[in-house]
Amino acid sequence: MPPRSDEPRRDATGSRRGSSRNTGGRGAEPRSGEPGVGGISDARAYTPRGRTVREQRAGGRAERTPDAGPTEQRRTPRSTRSGDPFRPALQVLDGGRGGAGRAGRREAAGRPGVVRTVTPRTPRHDDDPPAPRRRTTPRPARRPDRPAARRPSRKPPKPPRLADPRGRLRLGTVLTLTLFAVIGIRLVVLQTVETPAYADRGVADRLRTVTLPAARGAIYDRSGAPLAHSVEARYVYADPTQIEDQQATARALSPLLGIRASELAEKMKPRKRDNGKDSQFEYLARGVDIAQARRITSLELPGIYTHRDERREVPGGDLAANLLGFTSQDMVGLEGLEARYDDLLRGKDGKRVYEVGLGDLTAPIPGGYSETTRAKPGSSLQLTTDRDLQFMTQRMLSKHMAQSKGSTGAAVVIEIPSGEVLAQASHPTYNAAKPVPSEPTDREDAATSFVVDPGSVHKAITFGAALQERVITPDTTLPIANSIKKGDTWFSDTHRAGGKRMSLPGMMAYSSNVGTIQIADKLGPERLIDYQKRFGLGEPTRVGMPGEASGRLLPADKWSESSHGSVPIGHSVDATPLQMAAAYATIANNGTYVQPRLVREVIGPDGKRTPTEAPVTRSVLSPENAAALRHILEAVTTVEDGTGKAAAIPEWRVAGKTGTGWRLVDGRKQPGEVASFIGMAPAEKPRYVIAVFAHTPSGGGGDIAAPAFRDMMQFTLRHYGVPPSGEKAPKFTVYPR
């Protein structure tokens with residue numbers, strides 16, 4: 001059954017409905033159109049047209065009659081007075097019982113002083129709007145000392161506008177996607193565009209570069225015996241930033257490295273590089289033996305390290321030292337063949353670049369950056385020299401040169417017909433393995449840098465040119481005076497002929513200046529100079545030695561009257577021992593000049609052998625004239641009292657010539673004299689030519705050159721097994737009738 005009208009009820013929010021409390025002190029009265037206070041539901045207030053109670057009331061106010069009292073005009077729905085905009089809807093849901101219950105309860109309470117005025121109700125139709133409520137109790141008078149209370153707004157407030165969660169979700173999604181898009185684009189840029197720059201910044205600090213030295217090529221003699229080669233070694237270096245006790249470290253290393261402790265301590269001192277950073281690398285020693293380096297490593301000295309190195313070894317010490325030269329500690333050729341062929345011997349170093357950790361983790365990073373460029377070893381040289389012959393030539397030269405203090409000597413051995421240099425010795429010499437203590441003059445190759453005024457050895461060129469130009473014949477004889485004047489200079493003979501007629505072999509045996517000048521007068525300056533050039537004077541031989549002197553020939557237009565006497569006998573001519581040896585090799589080679597050669601072939605890192613360029617050759621004399629000249633030269637070692645008797649060898653026939661000249665330095669004549677002997681053997685068919693030059697400041701060179709030649713030639717002939725001459729030397733007539 002329905003609840004009673006005077007019983008309190010609770011609405012959907014849990015508040016008591018129908019309470020007698022109200023803010024205005026007004027009692028409840030039945031609404032217009034309600035059958036009574038018996039609890040008819042407000043749901044009937046809805047019109048068939050579907051309008052709400054509020055819409056009906058609004059319409060009712062608009063259609064209010066003119067005789068409606070002020071009380072009725074001021075009345076508003078309870079929902080408006082309570083300030084709850086949802087009250088009408090709750091009443092509708094409650095079936096309209098809320099209002100009736102409140103009215104019944106107010107009547108039952110019987111409040112004093114409240115007079116209810118009941119207005120006759122007119123029949124209400126469904127389409128009529130409900131009548132407004134009227135206030136039945138008078139308003140209490142406002143106290144003058146109190147401010148008027150704010151009248152509640154009659155206009156119902158709008159319901160709060162609730163946020164749309166879908167909008168917030170969309171906004172958050174857009175912002176999140178935008179953030180991820182920005183991060184993604186930045187990552188793409190970093191990984192594709194800016195990766196090299198950032199990678200280089202980080203990797204550069206972690207990269208370490210280790211040089212992989214290229215093995216320097218070796219230098220071999222003609223049989224393949226090593227004259228100079230490189231061996232693996234170690235270098236010892238210090239990191240001054242890691243050394244804890246410099247003095248103690250230096251004292252520990254001194255006996256192992258053979259370096260004073262004070263010198264080592266100086267190298268270990270901290271120092272700044274040009275870029276302002278602390279030096280972390282200082283060489284302490286180079287070319288240390290591997291066993292010695294292991295002992296140093298076993299000491300575990302802080303800041304002391306070893307690494308792979310290369311050391312140049314010269315097994316023979318001073319053997320061919322003036323030819324070979326030496327290298328620096330960095331394996332760079334400084335002198336001799338080492339310098340001349342440095343680019344070929346040195347090769348190309350490799351390197352290893354790898355990534356290491358920083359700080360205490362200074363070790364290669366597994367899987368980190370690593371790149372290795374292999375070293376390309378250098379090529380090797382095979383010389384034309386014979387190690388054994390080179391050794392004996394040096395030994396014999398030094399032995400004879402020891403007779404004169406402060407002397408300088410050179411010796412060259414050339415093979416016929418190849419023109420290959422079998423030995424090239426200098427005095428003094430030095431140890432190429434330890435070149436530091438030596439003097440620069442000791443390291444010169446005298447055969448190519450020793451510029452001399454050749455003297456009488458030049459007479460063979462004058463005789464050869466005269467024979468080839470048919471100015472003379474092998475049977476020519478000339479009357480030879482004791483002296484001859486050219487310009488203001490007198491030229492005399494040591495062996496005075498006194499005007500007797502002398503044969504060409506006799507002139508050569510006694511080294512007649514007068515006879516040679518007379519032959520040159522018939523030849524003329526131009527043709528003599530031409531044959532000097534054909535024999536190889538006036539230009540370097542290009543044998544391969546650095547700093548080779550070219551010599552100098554006096555042009556014909558600069559000849560003075562005395563030059564007609566000095567040039568034919570080997571003065572006013574600048575030449576090197578090697579140039580003069582090559583000229584005599586031309587005579588021994590049947591008149592064909594062959595450029596001297598010191599390097600036979602180049603051996604590549606892969607073992608491939610490449611011969612050097614073929615030597616320059618040219619015809620200077622006919623074979624007949626060359627043979628005639630050799631016959632004339634043989635008289636020097638055969639004729640009694642001949643100038644070259646000391647060069648004769650018992651078992652072999654020897655042809656050659658002695659000479660006495662001067663040494664020139666920067667065009668200036670030096671004190672003393674240069675004695676020389678250039679010869680060939682066997683004279684009937686020469687196999688070898690040897691030239692010996694000796695500069696003796698105190699004189700006496702004649703006692704050095706010829707004997708030294710004899711010893712060298714005898715060893716050479718025996719070393720190569722040349723059989724003795726089958727025929728004895730011919731008999732020569734100096735003064736024919």
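# Briefing on the predicted model

Six bridges, given as 6 by the assignment, join β3 to strand β8 (residues 350-355), and the two run antiparallel; strands pair if DSSP finds at least two bridges between them. The model is predicted: local features need pLDDT of at least 70, side-chain atom pairs count only at pLDDT 80 or more, and totals for chains, interfaces and linings use all residues. Residues are numbered from 1 along each chain as its sequence is written, and side-chain values use heavy atoms, with hydrogens and water left out.

**Confidence**

- The chain has a mean pLDDT (the predictor's confidence in each residue, from 0 to 100) of 83, and 77% of its residues reach 70 or more.
- Residues 1-48 stay under 50 in pLDDT, and the model has 113 contacts for them beyond four places in sequence; contact means heavy atoms within 4.5 Å.
- The pLDDT is also below 50 over residues 96-118, a stretch with 57 contacts beyond near neighbours in sequence.
- Where pLDDT is low, the predicted coordinates should not be read in detail.

**Strands and sheets**

- Helices (H or I, at least four residues) and strands (E, at least two) are DSSP runs, numbered from the N terminus.
- β3, β8 and β9 form an open sheet of 3 strands in the order β3-β8-β9, with antiparallel pairing; its edge strands, β3 (207-212) and β9 (370-373), each pair on one side only.
- Strand β11 (residues 408-415) is joined to β12 by 6 bridges, and the two run antiparallel; isoleucine 414 stands opposite valine 421 in β12.
- The hairpin of β11 and β12 has 5 residues between the strands, and glycine 419 in the turn has a positive phi of about 80°.
- Strand β12 (residues 421-427) is mostly covered, with 7 of its 7 residues buried; buried means under 20% relative accessible area, exposed over 50% and partly exposed in between (1.4 Å probe, protein chains only).

- A nonpolar core is a set of buried Ala, Val, Leu, Ile, Met, Phe, Trp, Tyr and Cys residues joined through side-chain atoms within 4.5 Å.
- The largest nonpolar core has 126 residues, of which Leu633 and Val692 touch the most other members; helix α21 (residues 577-588) gives the most to this core, with 9 residues.
- Beyond four places in sequence, the contacts of leucine 633 include Ala460, Met508, Tyr584 and Met680.
- Another core of 17 residues lies apart from it, with Ala238, Ala250, Leu264 and Ala285 among its members.
- Helix α16 (residues 459-468) is largely enclosed by the rest of the structure, because 9 of its 10 residues are buried.
- The buried residues of α16 pack against elements including α17 (504-509), α21, α22 (623-634) and β22 (655-665).

**Aromatic pairs**

- The whole structure holds 9 aromatic pairs; rings of Phe, Tyr and Trp (its six-membered ring) pair if their centres lie within 6.5 Å, with planes under 30 degrees apart counted as stacked, over 60 as edge-to-face and the rest as tilted.
- Tyrosine 237 and phenylalanine 281 are stacked, because their ring centres are 4.6 Å apart and their planes at 25°.
- Tyrosine 237 counts as buried at 17% relative accessibility, whereas phenylalanine 281 is partly exposed at 28%.
- Phenylalanine 326 and tyrosine 430 form an edge-to-face pair, with centres 6.2 Å apart and planes at 80°.
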